[in-house]
Amino acid sequence: RCAILTTLCAYPLLAQVTLGGKVIPKDKFLVYLFMGHSNMDGFGATLDTKTDSSLWMWDITTTNATRGDCPAHPLTEPSRDATWRLSKDVGTGRMATPFLKKLKARYPTADCSYGILQLSQWESIIPEKYLPGLCWYERMKSFALQVKQVATIKGMVLMLGWDDGCTAQNAAAFS
């Protein structure tokens, strides 16, 4: 009986996440999946480094991948810790922070926290990385399954561009 009661009482704790010391229920933490290549990484002239306590990023993008390679798992990479951190632009600027800030401005009374799970890499094209069974697809799927235990996944944003149209074969297979 004690084990069953303990399990039942502990279950609600599994459907939440602690962000910045604040406990957020699963239905109040809305996460979007971001995938793409250089278009997703962004090239903003001005970085938005002002953080907001309700906007979060779990950045699983690697910095040492080369075209066609499946990069090391982010938990073993010292450059990325694969945990939730306040969303802010890094490097050349990302699409995540502006997206999250527009969500919050659009729904100011939602009493929600918003998050991005981003995987993007320069020159990462669909036939080499993003199809089922390929490394980027499988990595995103693995992380999304982890995140959905503590957050509500609301949608996916893809930003792809000219890299996928560079060859007739890629262009024909794009859809």
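Colleague: Of the 22 residues in the largest nonpolar core, which touch the most other members?

Modeller: The model is a predicted one. In its largest nonpolar core, which holds 22 residues, the members that touch the most others are Val17, Leu19, Phe29, Val31, Trp84, Leu117 and Val147.

Colleague: Which element supplies the largest share of this core?

Modeller: At least two core residues come from each of β1 (16-19), β3 (29-36), β4 (55-59), β6 (113-120), α4 (126-130) and α5 (135-147). The largest share is six residues, and the element that supplies it is α5.

Colleague: Which residues does Leu19 touch, not counting residues up to four places away in sequence?

Modeller: Leu19 is among the core members that touch the most others. With residues up to four places away in sequence left out, Leu19 touches Ile24, Phe29, Trp56 and Trp84.

Colleague: What is the geometry of the aromatic pair of Phe29 and Trp84?

Modeller: Both Phe29 and Trp84 are buried. Phe29 lies in strand β3 and Trp84 in the loop between β4 and β5 (85-86), so that the pair links parts of the chain 55 residues apart. The centres lie 4.9 Å apart with 75° between the planes; since over 60 degrees counts as such, the pair is edge-to-face.

Technical notes
Residues are numbered from 1 along each chain as its sequence is written. This is a predicted model: local features need pLDDT of at least 70, side-chain atom pairs count only at pLDDT 80 or more; totals for chains, interfaces and linings use all residues. Side-chain values use heavy atoms; hydrogens and water are left out. A nonpolar core is a set of buried Ala, Val, Leu, Ile, Met, Phe, Trp, Tyr and Cys residues joined through side-chain atoms within 4.5 Å. Buried means under 20% relative accessible area, exposed over 50%, partly exposed in between (1.4 Å probe, protein chains only). Helices (H or I, at least four residues) and strands (E, at least two) are DSSP runs, numbered from the N terminus. Contact means heavy atoms within 4.5 Å. Rings of Phe, Tyr and Trp (its six-membered ring) pair if their centres lie within 6.5 Å; planes under 30 degrees apart count as stacked, over 60 as edge-to-face and the rest as tilted.
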